[in-house]
Amino acid sequence: MLGGLAKSSLKTLLVMGLRIFTQAGTLILVARLLSPGLYGHYVALVSLAVLLGILPTLGIAFVMLQRAHEGKQAIEDIWRYAWPLVLVLGVGLFLMYLLLVNFLFDDLVFGWWFVVGLGVIEIVFMPFVTLCGASFQAIDRVPYAQLLQWIPVGARLLVVFPCFGVDAYYTLDVFIVLQVAAVGISLAIILLITRNKFTLFAMPRWISLAEFHQSSSYCAMHFIAISPAEIDKIVLPQFISAHDVGIYAGTSRVLNALMTPVIAMLLASQPRLFRYVADHSRNNVSRLSIHLVAWAVFLGLFAMLILTVTSSILPYLFGERYGDMVAFAPILAFAALPIALRISGGTLLVALGHPVQRTIFEIAGIVTLLLCIAIFVPGHGLYGAAIALIMAESLMAVMGCILVFRAQKSLGAKDPGQQR
């Protein structure tokens, strides 16, 4: 069991390693292109767009995983209501994004053309990329799914380079135009590749009430699951300077990148977890869960060590204006272990059929994060933000592990082999 999972995890990790290497390159280049102040505002806008960009898919990716045992036809049937739904919701949420930006950011330092471009990328284009990747993940082609989702990431990296040769007055204009074009072309390529495997745009149908209820619960869960990693960048500009937001955002992006091995392992295990749960194979679920949590602990501690040891080289990568990262990174590194456990606990709860429980503990974490930001950041600035994140992630890690243990006990049935 674990040998096959290890091979799948390794393949997924290699592809995700390519993806995260590309994302890291984009992160560094954009940070060097912008000052920490501008970068802080940029990340706040992107974080808001990323959060809203989760909603158009309405949790359909998880429905695909759950119905994958029915065969390829089930995935194609889901596509019939998925693509018109994603298109309509994407356009509606894009308009909502523009209204929220106008409400939340009084001192908007970017032009509205820039905001529009970010919204189109994250809210209209990327949900379709996610849907294509989910289709391949559902049929246990996890590394291939990740490779598809790497295409727009790689394209976005390539188009940053020309921006350094443009006159400073036109840099942002060229940057956003090239970003939109890169993701749009990538999406067209991904759709063509996916059409070779699935019938994507068959006659559309209405989503049934039962399907809507199922997918919307997964959507709410996924939205809340992503929120702890994004909502702090949206809120912090209200409490600290744009420069400090840029330092926090850059360091936290590095920390999130170090979570890649954990995410690769969990993505590779998801199809198998759903299959074991569908078969009521309690012993297999327990063994795999223990294996995943143990690796999450190891990889979380390893990420903490790496961020601490390499903190002194971050200003060389991001630019001398990001020198405050040297002292800040070792503090933020303490969040690595609880983040790894929180992600693992959430994945296990979904596979065990308890997305609502995952939603509950992550809502508790988000509320804790926002309260701690309001309490600690005004007096302690950047370091108060780190304390807030560590406390919120630790709470979610503990709650997640407790809920996973209880969910496994309630699974009920024994292995089929034992029943015989």
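This is a predicted model: local features need pLDDT of at least 70, side-chain atom pairs count only at pLDDT 80 or more; totals for chains, interfaces and linings use all residues.
I'll begin with the fold. The chain has 16 helices and zero strands. Along the principal axes, its C-alpha atoms fill a box of roughly 70 × 45 × 35 Å. For 420 residues, a compact globule would have a radius of gyration near 22 Å, and the chain's value of 21 Å agrees with that.

Next, the inside. Of the 420 residues, 54% are buried. If we take the contacts with a separation of 6 or more, 82% of them join residues 24 or more positions apart.

Now the cysteines. How many disulfides are there? The count comes to zero. Take Cys372: the closest cysteine sulfur belongs to Cys401 and lies 19 Å away, which is too far for a bond, because a disulfide needs the two sulfur atoms within 2.5 Å. Cys372 is buried, at 7% relative accessibility. Cys163 is buried too, at 1%.

Last, the surface. The chain exposes about 17700 Å², and 70% of that comes from carbon and sulfur atoms. One nonpolar patch on the surface is formed by Trp295, Phe298, Phe302, Leu305 and Val309, with about 530 Å² of accessible area together. Where does Trp295 sit? Trp295 is in helix α11, which covers residues 282-309.

How values were computed:
Residues are numbered from 1 along each chain as its sequence is written. Side-chain values use heavy atoms; hydrogens and water are left out. Patches are made of residues with over 30% relative accessible area and no salt bridge: like charges are joined within 9 Å, nonpolar side chains (Val, Leu, Ile, Met, Phe, Trp, Tyr) within 5 Å. Accessible areas come from the Shrake-Rupley method with a 1.4 Å probe; for residues, only the protein chains shown count as cover. A salt bridge is a side-chain nitrogen of Lys or Arg within 4 Å of a carboxyl oxygen of Asp or Glu. Helices (H or I, at least four residues) and strands (E, at least two) are DSSP runs, numbered from the N terminus. The radius of gyration is taken over C-alpha atoms; the globule rule is 2.2 Å times the number of residues to the power 0.38. Buried means under 20% relative accessible area, exposed over 50%, partly exposed in between (1.4 Å probe, protein chains only). Contact means heavy atoms within 4.5 Å.
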